[in-house]
Amino acid sequence: MLLRVCCPSSLFYLRPLHLFSSTSKLPFCPSFRRQFRLTRSSSFGRMESSPASSSSPTPVTDSSADSLAKDLQNQTLGAVDEGVKVKRKLEDFNWDHSFVKELPGDPRTDVISREVLHACYSKVSPSVEVDDPQLVAWSDSVAELLDLDPKEFERPDFPLMLSGAKPLPGAMPYAQCYGGHQFGMWAGQLGDGRAITLGEVLNSKDERWELQLKGAGRTPYSRFADGLAVLRSSIREFLCSESMHCLGIPTTRALCLLTTGQDVTRDMFYDGNPKEEPGAIVCRVSQSFLRFGSYQIHASRGKEDLDIVRKLADYAIRHHFPHIESMDRSDSLSFKTGDEDDSVVDLTSNKYAAWIVEIAERTATLVARWQGVGFTHGVLNTDNMSILGQTIDYGPFGFLDAFDPSYTPNTTDLPGRRYCFANQPDIGLWNIAQFSKTLAVAQLINQKEANYAMERYGDKFMDEYQAIMSKKLGLSKYNKEVISKLLNNMSVDKVDYTNFFRLLANVKANPNTPENELLKPLKAVLLDIGKERKEAWIKWMRSYIQEVGSSEVSDEERKARMDSVNPKYILRNYLCQSAIDAAEQGDFSEVINLIRLMKRPYEEQPGMEKYARLPPAWAYRPGVCMLSCSS
């Protein structure tokens, strides 16, 4: 059976139009769309862009092309019987080390900073110095993924093993080699400069989980740095990775957070004023830490290393996308592209094409979910993009407080705001284009397949984003006008993004509500608005009530649905900073409070309401609302 699905022309100016307002400081041009097409240039990373048609894009509809991943995963074997829960000690981990065994490695084992050629990794042991390291936080749910007995956290030598100061039996530590585009410019070799992977653990479900210590010492990729991490950034990474998981957003995880007992020198604002800060280590966990840059570095080095790109792709498909290799080739999955010649891309004839399409869709879904909760990553370089479609590398991230499409939490990003909230969809596409270029250079996919992957990113993002925003407003179907006017109003009046949607669920769909009562449910977030702005909000509220009132869903049911997608609690930067300030004085109680709070972000949690308050004035000082990459 040949399945042909017509794809609309590229929608590659992806920032939803309603993310822009006349008050924005950015020169946004919502009427101008651009589409990426890979060129035949042999220059690595080069890409051309051209104006797209000014005609309205074809509406995106549900079809079998909406998620290639779902189509392919339906062909996998049935679920594994969970059986009895296994509880292992650290010494009993079932190590696999496929990355080290199946891919080329660096013949040297020293940590001298250097260019590492023809290798995917360098074997290196943790070298961090510790002085009575302490376990200060851990995740029981991550321990369960690893079949780790929770009692292991009570072991006196647990901090030594998970800091790397004492070898973990069976581990085979290494640092990964990768490159990347940073702020749009090719940066060459980067690599794990302060992260050391201990290896891969197979659990009782045969799931593969990679354990990585962040801040465990120098590697050949550390350049001029010390390979260490400080407590403030480690707390942020631990809390946010677990918070994002509980929000339902794909992310790397964190098993535990430890202090080293040693100070680390850091210049937080890069202003020539370094200071001593407490050192720390986070044990990160993911099924893979492969990034777009893991492939880019080898493609950038010419023909000699192109075979490594293929080997890495085969490795990823074999271990992390096995459903692609098991596709039934008797049932062709072919799709029309948006090209002028109406060409067809057959995804079963080239597993690498199917792979890049799934990565594109996963990435689009991830970015759409970020936009839904107001998360801004801050450093969306290609070396910070996971091939699994996970949020990875938590640096100067931030959740929106007052709605501002141009918000960036990264001080380094301030001049151009490349990675601001509104730009994230476009940057996700740009990064997919760079990754597609890499596979094309390695002759794993052709230009039509690369372009199709980018089209799928655009379609998937718009589908996911529209569905998310409709659910946030309790709408039975997407209404562009209602959502556009809402976000414009929120931007003008700097309305708190999280609290607004939570309170919106309290609005009754009663068209006869008196005008002086229309805005009462939103009183806590519509602060200091004058007469003109109040009239704008009343006008919007009437259109909203009319829209939700047209469905047969009751007010109570709509509120329950909206509360299930609009979190009551998010990890605001000022909450993180309060926990960090106390922790640096030896008090980790607030870290523990936030861990507990963020486990149930969609629930009311009586007694915890203070954590949902608007940020205090001190939250807008440098180092709280905005941070640098220093850690």
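The accessible surface of this protein comes to about 25,700 Å², and 50% of that belongs to carbon and sulfur atoms. Areas here are Shrake-Rupley values with a 1.4 Å probe, and for residues only the protein chains shown count as cover. This is a predicted model, where local features need pLDDT of at least 70, side-chain atom pairs count only at pLDDT 80 or more, and totals for chains, interfaces and linings use all residues. Residues are numbered from 1 along each chain as its sequence is written, and side-chain values use heavy atoms, with hydrogens and water left out.

Of the 631 residues, 59% are buried, meaning under 20% relative accessible area; exposed is over 50%, and partly exposed is in between, with a 1.4 Å probe and protein chains only. The protein has 17 helices and 15 strands. These are DSSP runs numbered from the N terminus: helices are H or I with at least four residues, strands E with at least two.

Now to strand β11, residues 275-286. Nine of its 12 residues are buried, so the rest of the structure largely encloses it. Strand β10, residues 253-266, runs antiparallel to β11 and is joined to it by 10 bridges; pairing requires at least two DSSP bridges. In that pair, T265 stands opposite E276. Strand β9, residues 208-214, also pairs with β11 in the antiparallel sense, over five bridges, with L213 opposite C283.

Last, the cysteines. The whole structure has zero disulfides, defined as pairs of cysteine sulfur atoms within 2.5 Å. For C177, the nearest cysteine sulfur is that of C120, 7.6 Å away. C177 is buried at 1% relative accessible area, while C246, at 24%, counts as partly exposed.
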